[in-house]
Amino acid sequence: MARYVGARLLQAVPVLFLVSVLVFSLIHLTPGDPALELLGPNAVPEQVAALRTDLGLDRPLPVQYVVWMGHVLRGDLGRSYLNRFPVAKLLRRSWPVTLQLTMGALVLALGLAAPLALGAVRYRRTWADQVVVAGLVVAYATPTFWIAILLVFLLSVRLGWIPPSGYVPPWEAPAQALRLLIMPSFALGLGVAAVLARFLRATVLEELAREYVRTARAKGLAERGVLYRHAVRNALIPVVTVLGLQFGTFMGGAVLTEAIFGLPGIGRLLWNAVQARDYAVVQGTILVTTGVFVLINLLTDLCYGLLDPRIRYQ
Amino acid sequence: MWSRSGLVARLARRPRGAVGLGLTGVLVAAAVLAPLVSPHDPLALAKGFELARPSTAFPFGTDELGRDLLSRVLYGGRVSLVVASVSVLLASAVGVIVGLAGGYFGGVWDAVIMRLTDTILAFPAVILAMAVVSLLSPSSFNAMLAVAMVGIPTFARLTRGAVLAEREREYVEAARAAGASDLYTIFRTILPNTLTPVLIQVTVSMGFAVLLEAGLSFLGLGTQPPQPSWGAMLFASASFLNQAPWYGFFPGVFLTALVLGLNLIAEALQEALSRQVGEY
């Protein structure tokens, strides 16, 4: 197991390095001079030159990379071109919002997927199963942002149950925070629920066709026991991987969801920065999001190794 | 190799394939024939008819500037389809060439390609596309490049895997023994035998590309106004849910139907071809 973890950690290092190089070059590929961007259009050339030296922009690129990486590792991601705010501070403020959104979506996705998949398995080869499967295919094809708009129309405009957008921190007003989180979580979670439910249904059916299930049934184990104690348990292993892989979908979907619901999360931060060409914020946001994505993939693989002992020996 | 007409017929015989082909066919036809079937110019402003309800003159209603939504939805389909198909073609062409080279030559070249694709895959797709667009400035052309960029690694890895399996087969050895050049071996003997998984991936990628383009346009980073696009229409409609709830409905239905149609074709194709090929 230790060797597997070690090997997998080592694999992540070059990827993280290349990601950081790509993100670093983002600022240098962009048209325009970062120093000029920071100072604004009214800067005199002397000011620009001074800031260039100050920022180290006159040094060779590899040196700049090492210096930048040093700052990054110490938690310094530079300052926004727009309002001079430290990027790290902006990120710290936005992460909790995105985290709440993704957690809400995850809970909803699991909460929807598990009963749907197991219900479909229970009533396999009946019309109920067919309806669930068809519904999941449609749900998977429906874009997050359209689901969001439909939800706002139904729950806010028509029924007036939930305000159409807004955010309050849960430590200030827990009930209101939860209420405001329902629509975004649903919009973001539905697509993932569809992927999960289809996958879970397929793997459970696959497990049910195996020999050990026949043995369990032959022993006289009730169908419920066969399903939950055996088939579902074994089907959960691949589900962990699918869930881990969906994190990328979550991050992308978070941008769209936060845009509609006015949530001040990472996605909205990135969106605003891209529109304002605030490359310092774009760089910091992408670096951190991708870093987290790589780590989640790593954790997924490790979980997979823990759940299925056979994987260690590969 | 399968014959093309035979493949379509086999897809149409599966329920999923039939529905997928039907949906996609209707939407593609509507987009291609948009200039003929649109009742209005998609850019024409009808003064005094802003946010009009659906009526015989404007079957899907009008937007906040008085433009006919049916015409805009039809023309918007052209943008979606063109961006998605060109970006998937681009991604598959680049990805297949890179994957062929990596799988065939191996060694350092292969290692470099694999690390690079790992790196691109490390970025969440929408985030990577946003980064590319932010570098190049928002437009439907740049959205196309961004969507293609996101797709390249998948095609490269898929092709590389298939090449690694084919490279050791006797027929490749035979070609080489007969004195065939590397280029001939790669393109004339190996490539045709790796195309099945690539074709499946092309159909899988199409639905994803349509969604990604719509997402970028929704964020204002894809197709730019006044050109119609489903994503941008949906974004605009969110501000008028009180006055004009129908505004976003039709772009949403068309977008979902196209993605659904493409996904169903992809699934049916996967089923049909995997039974035939076995290992894929």
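**Exercise 1. Find out how covered helix 11 of chain A is, and name its packing partners.**

Step 1. Count the buried residues: helix 11 of chain A is mostly covered, with 8 of its 11 residues buried. Here a residue is buried if 20 or more other C-beta atoms lie within 10 Å of its own, with C-beta atoms placed from the backbone. Helices are DSSP runs (H or I, at least four residues), and strands are runs of E of at least two, numbered from the N terminus.

A word on the model: it is predicted, so local features need pLDDT of at least 70 and side-chain atom pairs count only at pLDDT 80 or more, while totals for chains, interfaces and linings use all residues. Residues are numbered from 1 along each chain as its sequence is written, and chains are lettered from A and ligands numbered from 1 in the order in which they are written.

Step 2. Name them: the buried set is Ile266(A), Gly267(A), Arg268(A), Leu269(A), Leu270(A), Trp271(A), Ala273(A) and Val274(A).

Step 3. Look around them: these buried residues pack against helix 5 (87-122), helix 10 and helix 12 of chain A, and also against helix 6 (125-136) of chain B.

Step 4. Step past the end: Arg277(A) follows helix 11 of chain A and has a positive phi, near 55 degrees.

**Exercise 2. Describe the side of chain A that touches chain B.**

Step 1. Size the contact: chain A gives 38 residues and chain B gives 34. Residues are in contact if their C-beta atoms, placed from the backbone, lie within 7 Å.

Step 2. List the elements giving two or more residues on the chain A side: helix 1 (2-29), helix 6 (127-141), helix 7 (144-158), helix 10 (223-261), helix 11 (266-276) and helix 12 (279-307).

Step 3. Sort by class: this side has 30 nonpolar, 7 polar and 1 charged residues. Ala, Val, Leu, Ile, Met, Phe, Trp, Tyr, Cys and Pro count as nonpolar, Asp, Glu, Lys and Arg as charged, and the others, Gly among them, as polar.

**Exercise 3. Work out how helix 8 and helix 10 of chain A are oriented.**

Step 1. Take the geometry: helix 8 (residues 174-208) and helix 10 of chain A pack at about 160 degrees, with axes 8 Å apart. Axes are lines fitted to C-alpha atoms, for helices over the stretch in contact, and angles run from 0 to 180 degrees between N-to-C directions.

Step 2. Check the contact residues of helix 8 with helix 10 of chain A: 21 are nonpolar, 7 polar and 1 charged.

Conventions:
Contact = placed C-beta atoms within 7 Å. Buried ≥ 20, exposed ≤ 12 C-beta atoms within 10 Å, placed from the backbone.
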